[in-house]
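Hello,

Here is the structure I said I would pass on. My notes on its pockets follow below it.

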Amino acid sequence: MKIMNKSKVGRNDPCPCGSGLKYKKCCLGKDDGSTEDKRTAYARKYKVRLKDEKAVEGIRIAGRLVLETLDLVEAVIHPGTVTDVINTLVHEHTVKKGGIPAPLNYRGFPKSVCVSVNEVICHGIPGERELREGDIVNVDITTILDGYFADANKTFFVGSPGPDARKIVNVARECLRLGREKVRPGNTIGDIGFAIQQYAEGQGCSVVREFVGHGVGFEFHESPQVPHFGRKGDGLTLVPGMVFTIEPMINLGERYLRVLDDDWTAVTRDGSLSAQFEQTILVTDDGYESLTPYDL
């Protein structure tokens with residue numbers, strides 16, 4: 001659903017706030033189309049808290065620390081690295097810079113970062129596992145700095161990748177790029193998911209559905225949810241000030257998963273490789289800005 005100019009909206013037209021209701025049963029007479037009114041409407045209807053300039057800058061600064069930490073992680077990714085070494089690095093650097101590792105003790109998660117190797121889709125718990133030549137490893141960092149949250153991840157090659165590893169990492173990276181390009185006012189969350197799903201499945205891969213992107217900034221996980229599959233025009237209409245993650249989890253095989261006995265580690269049911277890339281995205285007046293920007 002597109003956001004329409006109020007002067008062209010009829011009483012029986014879809015409400016431009018994206019609720020799916022008719023205009024007469026939603027925002028008619030309640031607002032004048034201003035940013036403040038959108039902020040109130042989105043908070044009331046969808047529990048989506050739009051971010052003002054101060055909040056955006058806070059998230060942007062936290063995002064810089066996330067990226068700085070990811071760069072340090074990349075430097076220690078090589079055969080023989082134990083995943084708990086990555087956890088120690090992330091924890092110590094985050095704290096040194098005045099931040100807090102958001103995953104630590106979040107709903108009982110025991111570490112400061114998620115480290116997911118090969119068939120692990122997400123929420124891998126760092127430990128004694130050694131990285132091996134040809135592995136792929138996703139490192140997912142969420143940092144709290146001065147009360148603001150930023151979230152990003154990358155999948156790295158360990159040594160020289162084989163053809164399957166190269167394929168799934170490249171497809172996952174492109175999925176994030178394509179999803180990100182659909183972010184602009186008037187587009188919908190469904191437009192993002194559709195672009196990702198069409199590309200991934202067109203490459204013979206699959207999209208995990210149990211885990212999705214999410215609002216972020218004031219909390220670790222906020223509304224809205226951002227599925228990486230869907231149909232054009234479905235879901236919430238994007239408006240300036242929305243901040244959320246896009247983080248497609250792409251499997252080389254089937255999309256199905258199982259969660260291990262630790263109640264966190266999600267792995268592909270068929271044992272195939274899985275890769276993921278994530279950025280924190282702001283909807284701007286005319287498009288988007290990544291608040292955790294890196295080249296794709």
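A pocket here is an open set of points on a 1 Å grid over the protein atoms alone, where a 1.4 Å probe fits, with protein on both sides within 12 Å along at least five of seven lines; lining residues have an atom within 4 Å of a point. A volume is the space filled by probe spheres set on the points, which are joined across faces, edges and corners.

This is a predicted model, in which local features need pLDDT of at least 70 and side-chain atom pairs count only at pLDDT 80 or more, while totals for chains, interfaces and linings use all residues. Residues are numbered from 1 along each chain as its sequence is written, and side-chain values use heavy atoms, with hydrogens and water left out.

The largest pocket comes to about 600 Å³. It is lined by 28 residues, of which Tyr106, His123, Phe211, His214 and His221 lie closest to its centre. Strand 4 (136-145), strand 7 (213-215) and strand 8 (222-226) each give two or more residues to this lining; strands are DSSP runs of E, at least two residues, and helices are runs of H or I, at least four, numbered from the N terminus. Strand 8 gives the most, with four residues.

The second largest pocket has a volume of about 290 Å³. Among its 15 lining residues, Lys51, Pro240, Gly241, Val283 and Asp285 are the closest to the centre. Helix 1 (35-46), helix 2 (53-76) and strand 14 (279-283) each supply two or more lining residues, and helix 1 gives the most, with three.

Regards
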